[in-house]
Amino acid sequence: MSEPPKIRVESFSAAFDGREVLRAISLEVQPRERLAIIGPAGGGKTTFLRSLNRLNDLDGGFSHTGRILFNGMDIYSRQTDPAELRRRVGMVYAVPVPLPWSIYDNLAYGPRLTGIRSRSRLDEIVETSLRQAILWDEVKDRLDELATNLSGGQQQRLCLARILALDVEVLMLDEPCSGLDPISTAKIEDALAELKQRYSIILVTNNTKQAARASDRTAFFLMGELIEVGPTVDLFTNPVHERTGDYITGHFG
Amino acid sequence: MSQPQLDIAAVEEGPGRPAMSEASPPSQGPGPQRRLKPSTWWSRRSDRVISLMLLAGAMTAIAALAVITAFIFKEGLPLMLEKGLSDFLFSSDWYPQEGKFGIFAMIVGSLAVTLGAMIIGVVFSLSCAIVLTQFCPPRVVSILKPSIELLAGIPSVVYGFMGVVILVPLIRTHLGGPGLSVLAASIVLGVMVLPTVTSISVDALQAVPRSYREGSIALGATSWQTTWRVVLKAARSGIVAAVILGMGRAIGETMAVIMVAGNPLDVPTSPLDPVRTLTSNIAMEMGYASGDHRRALFATGVTLFVIIMILNVIALTVSRRRAVRSKAR
């Protein structure tokens with residue numbers, strides 16, 4: 001790939017109240033690739049994602065060393081506006097959190113924050129992002145209903161659509177399917193396969209099968225360290241590290 | 001009646017729950033057929049008896065409300081009807097010796113003072129609540145919130161005293177007028193409702209799930225945009241409840257208002273004019289009133305009662321209609 005990486009993480013370490021959670025992570029995310037992050041709980045996967053859009057800043061006691069570059073710009077420098085960063089690096093949580101408004105208002109929230117007022121422009125954004133998240137056909141006739149009344153899988157796709165309505169370049173999904181049934185999971189994965197053509201996708205998942213299905217490269221996090229990263233096929237068929245192999249085959253522990 | 005505790009203990013510890021009792025050897029597992037203990041009067045009736053007792057307690061509170069309502073209406077309503085409802089409500093001639101009872105000035109006074117108090121109180125309380133819940137570390141909140149709530153413990157006479165000694169002269173010298181005024185009463189009441197409105201608003205704001213806040217920030221909103229568009233919106237019904245309670249306190253407050261409002265019988269035309277409120281009127285004259293005068297004071301109470309009811313209903317329907325609309329939109 002001749003294009004510069006979308007995100008470049010340079011020996012990034014993070015700690016909460018002095019307790020180290022990530023240790024010297026170095027990683028690149030290319031444009032239009034799906035990177036899966038796997039690893040046992042407590043390995044720092046979520047903290048890593050939340051570092052990429054500076055969501056950890058909200059928690060007291062967070063400190064870090066090293067750099068994270070987004071499009072070549074240091075996101076932790078003073079020149080970076082965190083709100084602007086978060087519009088470009090969107091995040092979907094493990095538990096969907098639709099705001100307690102209508103479906104339409106949930107989607108229009110981000111664009112409205114940037115000052116878009118025109119109803120027709122908003123309508124267009126809402127429809128496009130819902131289509132991208134494969135939710136449009138299910139909700140097009142009830143955009144005025146409360147988003148919290150949707151099913152779990154629909155809520156999760158709504159949250160995906162909500163960040164697509166922003167000016168997003170990188171999609172981060174933190175175990176987006178952990179609470180979903182197989183059909184909803186398949187819908188999300190279909191959406192991701194489609195979205196890959198335009199965005200970089202980082203998918204944290206506890207489900208190694210999902211990582212194998214829905215990613216181009218996979219990174220294995222263990223106890224705050226990046227053990228191994230490589231093309232998904234290689235990592236799953238021929239892991240370099242013994243511990244990676246143990247985790248994938250379920251012999252971990 | 002048998003002893004209920006023993007029965008319950010026997011059921012819970014009994015060998016019927018095999019997982020718990022390795023220590024009790026007899027009749028483990030399916031074993032011989034054990035007969036159920038016969039029901040007792042108490043086991044059949046206890047739920048019903050207890051719920052009836054609680055119901056009686058609840059009814060006492062409601063009965064007190066009903067008795068008070070009935071009493072003031074019985075004492076006050078006949079006079080209102082005798083003198084003519086519109087004369088009573090919309091005339092400001094209050095001359096008890098001549099049998100003239102018009103409380104218009106006091107209705108205006110009560111409403112003006114309450115409105116002023118709510119403007120001042122709500123602005124400060126909401127700022128307080130927002131800072132405490134959105135921009136303060138929890139440790140600071142745990143110190144500040146109790147201190148604000150302490151304000152509620154100060155007797156209203158003390159507020160009135162502070163008003164007379166400090167506030168009234170300030171207003172007199174800097175803004176003109178007698179100093180004893182709608183403004184003075186509003187400020188004193190505004191401070192008095194602060195603890196109530198702040199503490200209930202804080203509870204309402206804290207009840208908004210943290211995930212809403214994070215979700216909004218992750219969508220590129222700033223802290224303030226999140227507070228304004230998401231958190232306040234979600235906490236709205238709680239905040240309205242806080243304002244209603246504050247309003248009830250403001251319109252019903254008597255002592256502090258008597259001390260700083262001047263209590264004339266004229267309709268106020270500016271915030272610097274003195275006023276008499278409905279509550280002040282009752283408190284000041286009840287001591288020596290008799291006959292029609294006394295009944296007129298009860299009628300004043302009836303008016304106050306109805307105004308508070310109306311304000312509550314308005315506030316509740318406004319908040320409810322907003323909620324429904326946002327659901328439908």
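This is a predicted model: local features need pLDDT of at least 70, side-chain atom pairs count only at pLDDT 80 or more; totals for chains, interfaces and linings use all residues.
## Extent of the interface

Chain A contributes 28 residues to the contact and chain B contributes 21 residues. Together the two chains bury about 2,100 Å², and carbon and sulfur atoms account for 57% of that area.

## Polar and charged pairs

Two salt bridges are counted between chain B and chain A. One of these links B:R210 to A:D59, with 3.1 Å between the closest N and O atoms. Five residue pairs are in polar contact across the interface of chain B and chain A, both residues of each pair being at pLDDT 80 or more.

## The chain B side

Three elements of chain B each give two or more residues to the side that touches chain A: α8 (210–218), α9 (223–234) and α13 (291–328). The largest share comes from α8(B), with eight residues. Sorted by class, this side of chain B holds eight nonpolar, seven polar and six charged residues.

## Strand β7 of chain A

In chain A, strand β7 spans residues 170–174, and five of its five residues are buried. On one face of β7(A) lie A:V170, A:M172 and A:D174, and on the other A:L171 and A:L173; all of these are buried, leaving both faces covered.

β7(A) pairs with two strands of chain A. Its pairing with β6 (residues 89–92) is parallel and has four bridges; here A:M172 is the bridge partner of A:M91. β8 (residues 200–204) also runs parallel to β7(A), joined by five bridges, and A:D174 has A:V204 as its bridge partner in β8(A).

Conventions: Residues are numbered from 1 along each chain as its sequence is written. Chains are lettered from A and ligands numbered from 1 in the order in which they are written. Side-chain values use heavy atoms; hydrogens and water are left out. Contact means heavy atoms within 4.5 Å. Buried area is the accessible area (1.4 Å probe) that two parts lose on being put together, summed over both. A salt bridge is a side-chain nitrogen of Lys or Arg within 4 Å of a carboxyl oxygen of Asp or Glu. A polar contact is a pair of N or O atoms within 3.5 Å; within protein, one must be able to donate a hydrogen and the other to accept it, and residues adjacent in sequence count only if both atoms are side-chain atoms. Ala, Val, Leu, Ile, Met, Phe, Trp, Tyr, Cys and Pro count as nonpolar, Asp, Glu, Lys and Arg as charged, and the others, Gly among them, as polar. Buried means under 20% relative accessible area, exposed over 50%, partly exposed in between (1.4 Å probe, protein chains only). Two strands pair if DSSP finds at least two bridges between them.
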